[in-house]
Amino acid sequence: MAPGATLSQDAAMVGERSEEGFAALTLEGDARGGLEAVFVPEAGMICCSLRHRGEELLGQRGGLRAYVDHYSTMGIPFLHPWANRLGADRFALGGRQVDLGLPDLPLKRDENGLPIHGLLSAAPGWRVGRHVELDGGGALAASFDFGAYPHLLEAFPFPHLVEIEATLVEGSLEIATSVTATADVAVPIAFGFHPYLRLPGVPRADWILEAPVHERFVLGRDGLPTGEREGIAIETGPLGERTYDDAFRAPPPGTAFTLVAPDRRIELRMDSGYPFTQIFAPADTDAVAIEPMTAPTNALLAGGPELAFIPPGETFGAAFSIQVFEN
C-alpha cells in the first residue's frame, strides 16, 4: 500500500473478472474520477483496458487474444528489456553476449525482420504481490523474476527482478516500474511502455494533440536512429491527416502530452526515469501512442551515455501517469 494511503469501504473498489478467457484484475476510482483500469498479470502484466465513464480510452487493435498469440500490441503493453526495435539479433553488451536468434523465444519482429518490443510480451510468470483498495481508488503490484527463466537468460544474460505497481485514484492512473539487478552483473536499462490512447465518440482527425517535444532523432528507413538529431516543434491542433512514427527526447519530467476532444481531455506525463519517447500515430490506427522510454531506440547496440546500467544489488525506477478530465 502506498505511504499515507487508507482503506475505503464505500466508493473505491478492486475486483477480478475474465477478459477474453484470461484472469484480469481491476482498479476503479471513485465516482469523482469515473476511471477503471483492467490488468492481466498472466499476459505480461498488460493494462488491456482503461475506461472513463464506461467508454474505452485504449486502442484495442487485435484485442488481448491476438496480443497473447501473436504479440500484436494493444492497450498499454510493457516492453522489456528493450522498447521499440533493435538493429541485430546478436551483439556484445556489458561484457556479455546477447543472442536473440535462439529458438522458442517470445519475440516479435517488425516488417524488416528486426526484433521489436522485448522478450516479455504477454509473458506468464508474473506474481501478484498485492491488490488492495485505497482511499479514492486501488493499487496493484506484481513482479517478474527474469533470472528464474533459463531461456530468457540464455538470450539476455542479465539476471534481474522487475516490479510494476499500478495505482488508480480518482481520475489518475500511475504505473511505476523498477528493475533490480539480482546477480553480480550490471543490468542495462532500456524498457518502455506503449500506451495506445484514444478519444471515444470523436473522429481521429478532430483529436487535438499537444506534444511538447523539441528534439527529434532522425530515423532511417529501418526505423533505427541514424545518429542525427534535429530541432522540431509539433504544432498543437487537430490531428487531421497527420501521422507519426517518430523518436524524440522527452520534455522535462511532469510535462503533459495531451489529447483533447470537446468532452474529455487525456494527459500523459513521464513523471520520472523516462527521458525519451516515441510518438506512433499511423493513419490506419484509431489511437495515438505516446511511449515512455528509458533509453533511445537501439540503445542496447548503440551504447553511449544514454544507456544506463544499474550495478549489482541496486534498483532503477521510473513512472508515468495518465489523467483524464471532463471538459
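Author: Let's begin with the words helix and strand: helices (H or I, at least four residues) and strands (E, at least two) are DSSP runs, numbered from the N terminus. Strand E22 (244-249) and strand E25 (276-281) each supply at least two residues of the lining of the largest cavity, and we will return to that cavity below. The model is predicted, so local features need pLDDT of at least 70 and side-chain atom pairs count only at pLDDT 80 or more, while totals for chains, interfaces and linings use all residues. Residues are numbered from 1 along each chain as its sequence is written, and side-chain values use heavy atoms, with hydrogens and water left out.

Reader: How many helices and strands does the protein have?

Author: There are 3 helices and 28 strands in the protein.

Reader: What makes the protein agree with a compact globule?

Author: The radius of gyration, taken over C-alpha atoms, is set against a rule of 2.2 Å times the number of residues to the power 0.38. For 327 residues a compact globule would come out near 20 Å, and the protein has 19 Å, so the two agree. Along the principal axes, the C-alpha atoms fill a box of roughly 55 × 45 × 35 Å. Contacts (heavy atoms within 4.5 Å) tell us something too: of those with a separation of 6 or more, 64% are between residues 24 or more positions apart. Buried residues make up 56% of the 327 residues.

Reader: Why is Cys47 called buried?

Author: Buried means under 20% relative accessible area, exposed means over 50%, and partly exposed lies in between (1.4 Å probe, protein chains only). The relative accessible area of Cys47 is 0%, so Cys47 is buried. Cys48, at 3%, counts as buried as well.

Reader: How many disulfides does the structure hold, and how do you know?

Author: The structure holds 0 disulfides. Cys47 is in no disulfide, as the nearest cysteine sulfur, that of Cys48, is 6.6 Å away.

Reader: What makes the bond between His80 and Pro81 worth a look?

Author: The peptide bond joining His80 and Pro81 is cis, with omega about 5°. Most residues other than glycine have a negative phi, and most peptide bonds are trans. You can find Pro81 in the loop between strand E6 (78-79) and strand E7 (90-93).

Reader: Which value makes Arg53 stand out, and where does Arg53 lie?

Author: Arg53 has a positive phi, near 55°, in a residue other than glycine. Arg53 sits in the loop between strand E4 (46-52) and strand E5 (55-56). Its relative accessible area is 40%, so Arg53 is partly exposed.

Reader: Is Asp104 buried or exposed, and how do you know?

Author: Asp104 has 74% relative accessibility, so Asp104 counts as exposed. Its phi is positive too, near 65°, and Asp104 belongs to the loop between strand E8 (96-99) and strand E9 (108-109).

Reader: What makes a space a cavity, and how many cavities are found?

Author: On a 1 Å grid over the protein atoms alone, a cavity is a set of points where a 1.4 Å probe fits but cannot get out; a pocket is an open set with protein on both sides within 12 Å along at least five of seven lines; lining residues have an atom within 4 Å of a point. Grid points are joined across faces, edges and corners, and a volume is the space filled by probe spheres set on the points. The search of the whole structure finds 1 cavity of 30 Å³ or more. The largest cavity holds about 40 Å³ of space, and E25 gives the largest share of its lining, 3 residues.

Reader: What classes do the residues lining the largest cavity fall into?

Author: Ala, Val, Leu, Ile, Met, Phe, Trp, Tyr, Cys and Pro count as nonpolar, Asp, Glu, Lys and Arg as charged, and the others, Gly among them, as polar. The cavity lining divides into 6 nonpolar, 3 polar and no charged residues. Among the lining residues are Phe217, Met293 and Thr297.

Reader: What classes line the largest pocket?

Author: The lining of the largest pocket has 3 nonpolar, 6 polar and 8 charged residues. This pocket has a volume of about 290 Å³, and Arg85, Ile116, His117, Asp245 and Phe280 lie nearest its centre.

How values were computed: A disulfide is a pair of cysteine sulfur atoms within 2.5 Å.
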